[in-house]
2 protein chains.
Amino acid sequence: MASIGPVTAQSAQFVEPLALASGSTLAGYTLVYETYGTLNAARSNAVLVCHALNAGAHVAGLDAHGAPGWWDNLVGPGKPLDTERFFVIGINNPGSCFGSTGPMHRNPASGRAWGADFPVVTVEDWVDAQARLIERLGIGQLAAVIGGSLGGMQALAWTMRHPERVRHCIAVATAPNLSAQNIAFNEVARRAIVTDPDFHGGHFYEHGVVPKRGLRVARMIGHITYLSDDAMAERFGRELKAAELGYSTQAIEFQIESYLRHQGDKFSEYFDANTYLLITRALDYFDPARAAGGDLARALQPARDARFLVVSFTTDWRFAPARSREIVKALVDNRIAVSYAEIAAPHGHDAFLLDDARYHNVLRAYFERIAADSRG
Amino acid sequence: MASIGPVTAQSAQFVEPLALASGSTLAGYTLVYETYGTLNAARSNAVLVCHALNAGAHVAGLDAHGAPGWWDNLVGPGKPLDTERFFVIGINNPGSCFGSTGPMHRNPASGRAWGADFPVVTVEDWVDAQARLIERLGIGQLAAVIGGSLGGMQALAWTMRHPERVRHCIAVATAPNLSAQNIAFNEVARRAIVTDPDFHGGHFYEHGVVPKRGLRVARMIGHITYLSDDAMAERFGRELKAAELGYSTQAIEFQIESYLRHQGDKFSEYFDANTYLLITRALDYFDPARAAGGDLARALQPARDARFLVVSFTTDWRFAPARSREIVKALVDNRIAVSYAEIAAPHGHDAFLLDDARYHNVLRAYFERIAADSRG
């Protein structure tokens with residue numbers, strides 16, 4: 001199917017400080033965003049797409065360089081999230097490195113780049129920042145908010161933080177909080193970055209260097225958790241790079257090594273190290289049940305008027321189906337309408353970004369239902 | 001139960017070069033070893049214990065500093081591997097950093113420390129090196145060879161490489177080769193080490209530094225794979241270090257972070273970086289089926305006269321029970337006698353080192369059978 005394009009990113013300035021969960025405030029900030037489709041006269045067909053770690057506002061279509069959006073297989077004319085029906089919005093979160101105010105930008109208080117002094121942002125902070133833009137776009141209520149992984153956490157947070165402003169929540173391949181193992185992987189990645197001598201306490205911009213060694217290791221760890229064991233076995237197995245073993249501890253012997261190094265190298269060329277720290281921390285901190293004494297059902301009580309679709313993938317070991325079922329159970333305990341789909345897919349966590357027919361059919365059907373609701 | 005002690009490490013010099021799988025040779029080398037119990041007159045009660053990554057010859061008893069051996073809960077008087085019945089031998093492998101010839105020792109060819117020039121050693125090379133010491137100790141045939149994880153691979157390799165010299169093989173928490181995911185974790189750990197500026201291409205000894213940053217990250221990754229997701233959740237969950245969140249990307253917030261950093265710090269104080277590379281590579285390379293066209297049963301044909309005990313742990317995701325079952329199937333296909341125990345234990349891969357009653361009972365019963373066989 002065709003992609004929209006070329007699409008142009010827009011930006012919005014906010015001068016009112018944003019109060020953050022940490023107690024700090026983010027004085028004035030810029031959000032970069034893209035929109036696809038047309039907002040209807042009733043302003044009732046807006047869908048917000050929330051991004052995960054390595055993505056931004058460019059959700060769909062081709063940008064000026066011809067690069068497709070990160071969820072272009074899902075969002076576009078005739079696609080499951082059909083831009084001929086819906087007005088779709090992608091917003092880059094503050095703290096990220098894809099256009100919105102982030103640690104590489106000037107800290108007005110110091111006159112130099114924020115670096116590691118950028119305030120710690122949470123999923124709830126992002127949702128609050130997004131809500132201001134949604135309001136500025138003249139949208140009183142979103143038809144839906146959708147996201148996968150960390151994006152799914154934002155979708156959930158919308159229903160608790162701004163319940164009157166979202167009709168449907170679609171949370172894909174996500175979890176109600178990180179497990180100890182999830183946090184552990186984040187922590188190793190962060191240690192790799194901050195102990196890289198080129199990190200300079202987060203102020204590497206001024207030194208004209210980038211902590212690429214740390215970013216490479218962080219990304220390699222990430223990739224292991226995004227793919228399932230089976231998918232890795234299927235795709236790489238023990239396949240050698242050359243015809244024979246080279247017997248070297250440092251040269252590449254196996255294809256999986258080649259793949260991981262390539263992913264690490266690529267990532268270290270464009271991703272910001274401080275953003276990596278901020279976003280993995282936002283993941284660690286997300287835990288709506290915490291303020292409700294560990295009771296997720298109680299935390300979700302404000303979401304009573306929203307309807308939910310929760311989707312998980314059988315081979316996702318980062319956010320396994322059992323984690324999605326915790327969300328479903330908490331919703332059911334509140335008698336909140338929820339559909340749940342557990343997709344048999346071999347690709348692990350990455351499946352939420354891939355074009356799997358069963359998965360996309362579930363989303364297509366759900367968006368058709370939303371469209372029908374909006375008309376009714 | 002009491003530990004033996006104090007035990008003293010012994011060492012044996014070998015001047016005849018050891019031909020290695022890589023085609024290189026290791027000119028003369030020293031093996032550090034310990035023995036417990038008494039070799040009987042028939043020289044039929046010797047059991048070789050093979051070590052994994054972070055261990056050496058000190059298997060049991062207390063050393064001069066009062067430190068217990070790494071498998072002291074298993075090996076000793078009255079313990080499952082009973083030193084009142086068996087003559088137990090622990091040997092540190094070449095390339096390791098616990099006494100035997102390794103990368104921190106002098107390379108006779110260059111006059112400086114081997115560093116990254118230490119020849120790449122394989123599981124089969126280690127077994128050949130061990131076999132020379134067993135011969136020197138006057139033992140024609142081992143009653144058993146036992147090991148967990150990488151040690152289990154050595155136990156398996158003994159039955160293929162020196163089949164006439166081993167009556168029983170006990171392979172615990174191991175696999176017939178590493179999966180792509182296993183290799184991936186090793187590779188990330190190696191990259192963390194070799195990209196640490198203090199690694200100096202493996203010749204850090206001459207620079208008076210140690211690539212501690214890389215070693216820490218490597219060990220943290222390792223620990224994640226040694227513990228099960230459930231064990232981590234049980235032990236650490238999302239427990240905070242302090243009473244309240246500190247909102248920091250670099251300070252410790254969660255107990256799991258504190259645990260991992262502590263493990264990483266400790267490890268970086270004593271473990272050798274080149275040894276880490278060598279041992280993880282030995283793991284990567286182990287694949288006895290490779291030379292048999294991928295047919296593990298064919299690879300195990302020479303082991304026809306040995307008997308096997310294979311043990312796995314339900315929550316071990318590093319070397320899952322399915323991997324042990326591959327070994328069992330290949331043995332059964334050869335009509336080789338094999339007992340298999342799949343232990344329901346919550347501790348993940350680490351379970352093989354822990355004192356679990358069901359696990360130790362299985363080993364005790366098997367060693368009693370070996371003792372009965374030896375008498376018969």
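What follows are my entries on the interface, the salt bridges, the pockets and the cavities.

**Entry 1: before anything else.** I noted that this is a predicted model. I read everything below with that in mind.

**Entry 2: the interface.** I started with chain A against chain B. I found 58 residues of chain B in contact with 58 residues of chain A. I then looked up the area, since the size of an interface is often given as the accessible area lost when the parts come together. Chain B and chain A bury about 5000 Å² between them, and 64% of that is on carbon and sulfur atoms. Which residues of chain B lose the most area to chain A? They are B:Arg238, B:Tyr247 and B:Thr249, which together account for 15% of what that side buries.

Entry 3: I counted eight salt bridges between chain B and chain A. For polar contacts, the count between the two chains is 22 residue pairs, with both residues at pLDDT 80 or more. I also wanted to know which helices make up the side of chain B that touches chain A. Helix 3, helix 4, helix 5, helix 6 (255-270) and helix 7 (273-285) of chain B each supply at least two residues of that side. Helix 3 of chain B gives the most, with 11 residues. By class, I got 33 nonpolar, 11 polar and 14 charged residues on that side.

Entry 4: I picked one residue and traced its partners. The side chain of B:Glu187 meets that of A:Arg261 in a salt bridge, 2.6 Å from N to O. B:Glu187 also forms a salt bridge with B:Arg190, where the closest N and O atoms are 3.3 Å apart. Both B:Glu187 and B:Arg190 lie in helix 3 of chain B, three residues apart, about one turn of the helix. Over all chains, I have 39 salt bridges in the structure.

**Entry 5: the largest pocket.** Next I went looking for open space. The largest pocket holds about 1000 Å³. I listed 42 lining residues, and those nearest its centre are A:Gln181, A:Trp317, B:Gln181, B:Asp229 and B:Trp317.

Entry 6: Which element gives the most to its lining? Helix 6 of chain A does, with four residues. Strand 4 (29-36) and helix 4 of chain A are also among the elements that supply at least two. The lining divides into 17 nonpolar, nine polar and seven charged residues.

Entry 7: I finished with the cavities. I count four of 30 Å³ or more. The largest cavity has about 120 Å³ of space. Of its 14 lining residues, A:Ala192, A:Thr195, B:Ala192, B:Thr195 and B:Arg213 are the closest to its centre. Helix 4 (212-226) of chain A and helix 4 (212-226) of chain B each supply at least two residues of this lining. By class, I noted six nonpolar, four polar and four charged residues.

Notes. Residues numbered from 1 in each chain as written. Chains lettered and ligands numbered in written order. Predicted model: local features only at pLDDT ≥ 70, side-chain atom pairs only at ≥ 80, totals over all residues. Heavy atoms only, no water. 1 Å grid on protein atoms, 1.4 Å probe; cavity = no way out; pocket = protein on both sides within 12 Å on 5 of 7 lines; lining within 4 Å. Points joined across faces, edges and corners; volume = space filled by probe spheres on them. Nonpolar A, V, L, I, M, F, W, Y, C, P; charged D, E, K, R; others polar. Contact = heavy atoms within 4.5 Å. Buried area = accessible area lost by both parts, 1.4 Å probe. Salt bridge = Lys/Arg side-chain N within 4 Å of Asp/Glu carboxyl O. Polar contact = N/O pair within 3.5 Å; in protein donor to acceptor, adjacent residues only side chain to side chain.
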